[in-house]
Amino acid sequence: MSELATKYNLIDEKPPFNAPLKAQYKQGFAFYTMRERLPIILTQVIDQLAKDKEQIVANFGGETARDELKAAIGEISKLKYELQTDKDFKSIRSAVGDEALWNGFIEGLGENNSYYSACWLYAETYMYRRLNNIFENTTTLQKLDYFQQQKHKALTNSYDAMVAVLRSIEAFNETSRTPEEIGEFFRKLLKLNLWGNRCDLSISAGQDVKQDGDPFSLLEALDRCIVSDQTLDIWRCVSSADSDDTDRVVEIINDNSGYELFTDLCLADFIVHHRIAPKVCFNVKAIPWYISDVTPKDMQWTLDTLAGHATQPLLSRFGTRLKQHFDTGAFELRALSNFWTSPYEFWHMKDIAPSLYETLRGALLLIFKGDLNYRKLLGDFNFPYTTPFAEVLRGFRPTNLCTLRTVKADLICGLPDGLADELQRKDPTWMVTGEYGVIQFAPK
């Protein structure tokens with residue numbers, strides 16, 4: 001690739017502390033993302049669309065779909081060129097309800113309105129929004145999920161691990177348990193759910209991911225990799241709630257489809273089975289997002305696939321039970337909010353999406369899943385790594401909240417003094433490998 005021409009000079013340094021992460025810092029993961037990962041992802045979308053062309057044409061409207069698919073591929077190529085040459089962000093034209101929000105945001109960026117000059121969070125989120133905008137403005141391809149195949153494989157590649165997880169959960173549930181035992185197993189499920197976040201297609205640039213072995217058997221060995229573990233605080237929060245309060249709701253702000261969504265569902269099933277809360281709500285994305293993020297279609301496909309599994313009764317029984325939870329109202333798919341696919345950090349929610357904020361404010365606990373949600377909690381702002389978790393939220397504390405995140409970007413908070421330096425000496429890339437994780441909690 002020829003030398004990158006950017007609006008601003010590239011800086012051959014790590015991103016400084018107390019400043020937003022930006023791709024102009026060549027020793028930061030944002031630079032690698034813009035320079036390498038995102039162009040590869042766009043190329044893979046183009047290749048997959050070309051490979052599936054005849055099937056898409058058959059499913060989405062014949063020759064009109066063929067012409068629109070050809071035009072869409074051309075538009076994706078243009079988007080890739082804009083990214084690689086650090087062009088200014090363009091406005092979007094959309095009928096999904098977020099056009100004014102996005103275009104107002106872009107206008108407010110001023111001069112910092114390109115892939116390398118803007119905050120990394122804004123730039124990467126903008127690329128995924130522009131990608132979907134290409135398909136929104138067709139007549140036949142508006143409902144095409146160009147990431148669907150990768151997401152499906154992320155589930156079907158992990159059946160053995162899923163069966164092992166269900167065996168462990170069923171064995172626990174077979175006998176009466178004390179509150180202490182339920183609390184201990186709940187904390188294990190939080191950790192299982194954390195490590196399910198390793199299966200992230202946006203980090204693997206769309207390459208197949210697979211969960212092998214028996215995940216429960218690995219948890220104890222992985223405890224050393226949890227660099228901030230507040231699972232006990234989370235359990236104390238949910239176990240001390242008034243058990244007669246029928247409004248107690250746990251809200252999961254989902255991240256990835258596939259095996260990770262399966263672990264979300266396992267955690268939710270455990271919560272309602274043991275009456276930790278009578279209801280769990282799932283907050284998913286309204287459009288295809290960051291390759292593997294859950295959409296309503298992904299949730300339904302997952303439930304149908306599990307319930308219809310022909311050879312493994314554990315999976316089919318679990319899928320059937322999950323559907324019953326949705327039917328009875330113990331589970332709910334939240335009304336879709338465009339805020340989850342907006343560029344805004346979470347501390348803007350009260351002003352940008354007040355109805356969503358009020359809904360979340362009534363919950364017992366919010367569980368934010370994954371790296372992107374973590375980045376939105378911190379705002380891609382490079383806080384010193386020992387900064388307390390509650391402090392980086394900048395006032396966003398509508399209720400008790402926690403975050404389960406494997407570390408795949410070079411920002412973090414809440415670490416003990418000296419730990420980051422120790423990990424850096426062991427492995428200079430420790431913040432982007434997904435080997436380490438955090439489970440952090442902030443009370444209401």
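**Cavities, pockets, core and selected residues**

The second largest cavity has a volume of about 30 Å³. A cavity is, on a 1 Å grid over the protein atoms alone, a set of points where a 1.4 Å probe fits but cannot get out, whereas a pocket is an open set with protein on both sides within 12 Å along at least five of seven lines; lining residues have an atom within 4 Å of a point. Grid points are joined across faces, edges and corners, and a volume is the space filled by probe spheres set on the points. By this rule there are two cavities of 30 Å³ or more. The model is a predicted one, in which local features need pLDDT of at least 70 and side-chain atom pairs count only at pLDDT 80 or more, while totals for chains, interfaces and linings use all residues. Residues are numbered from 1 along each chain as its sequence is written, and side-chain values use heavy atoms, with hydrogens and water left out.

Lys-151, His-152, Leu-155, Ser-257, Gly-258, Asp-298, Trp-301 and Thr-302 line the second largest cavity. Two or more of the lining residues come from each of helix H6 (148-156) and helix H12 (296-307); helices (H or I, at least four residues) and strands (E, at least two) are DSSP runs, numbered from the N terminus. Sorted by class, this lining has two nonpolar, four polar and two charged residues, where Ala, Val, Leu, Ile, Met, Phe, Trp, Tyr, Cys and Pro count as nonpolar, Asp, Glu, Lys and Arg as charged, and the others, Gly among them, as polar.

The largest pocket holds about 540 Å³ of space. It is lined by 25 residues, of which Lys-14, Tyr-385, Asp-410, Gln-424 and Met-431 are the closest to its centre. Helix H18 (residues 419-426) gives the largest share of this lining, four residues. By class, the lining of the largest pocket comprises 15 nonpolar, seven polar and three charged residues.

The second largest pocket contains about 360 Å³ of space. Among its 14 lining residues, Gln-142, Lys-143, Ala-286, Ile-287 and Pro-288 are the closest to the centre. H5 and H12 are the elements that give two or more residues to the lining of the second largest pocket. Its classes are six nonpolar, four polar and four charged residues.

Helix H5 (residues 120-136) also contains Arg-130. Is this residue, Arg-130, buried or exposed? Arg-130 counts as buried because its relative accessibility is 8%, given that buried means under 20% relative accessible area, exposed over 50%, and partly exposed in between (1.4 Å probe, protein chains only). The side chain of Arg-130 forms a polar contact of 2.7 Å with the side chain of Tyr-126. A polar contact is a pair of N or O atoms within 3.5 Å; within protein, one must be able to donate a hydrogen and the other to accept it, and residues adjacent in sequence count only if both atoms are side-chain atoms. Not counting residues up to four places away in sequence, Arg-130 touches Leu-79, Glu-82, Lys-90 and Ile-92, contact meaning heavy atoms within 4.5 Å.

In soluble globular proteins, nonpolar side chains tend to be buried together. The largest nonpolar core here has 147 residues, of which Leu-49, Tyr-115, Phe-135, Phe-186, Met-349 and Ile-412 touch the most other members. Such a core is a set of buried Ala, Val, Leu, Ile, Met, Phe, Trp, Tyr and Cys residues joined through side-chain atoms within 4.5 Å. Beyond its neighbours within four places in sequence, Phe-186 is in contact with Ile-234, Trp-235, Val-238, Leu-267, Phe-270, Ile-271 and Ile-276.

Most residues other than glycine have a negative phi. Asn-18, which is not a glycine, has a positive phi of about 60 degrees; Asn-18 is located in the segment before helix H1 (29-51) and counts as exposed, at 51% relative accessibility. Asp-380 likewise has a positive phi, near 50 degrees. Asp-380 sits in the loop between helix H16 (370-378) and helix H17 (389-392) and is buried, with a relative accessible area of 0%.
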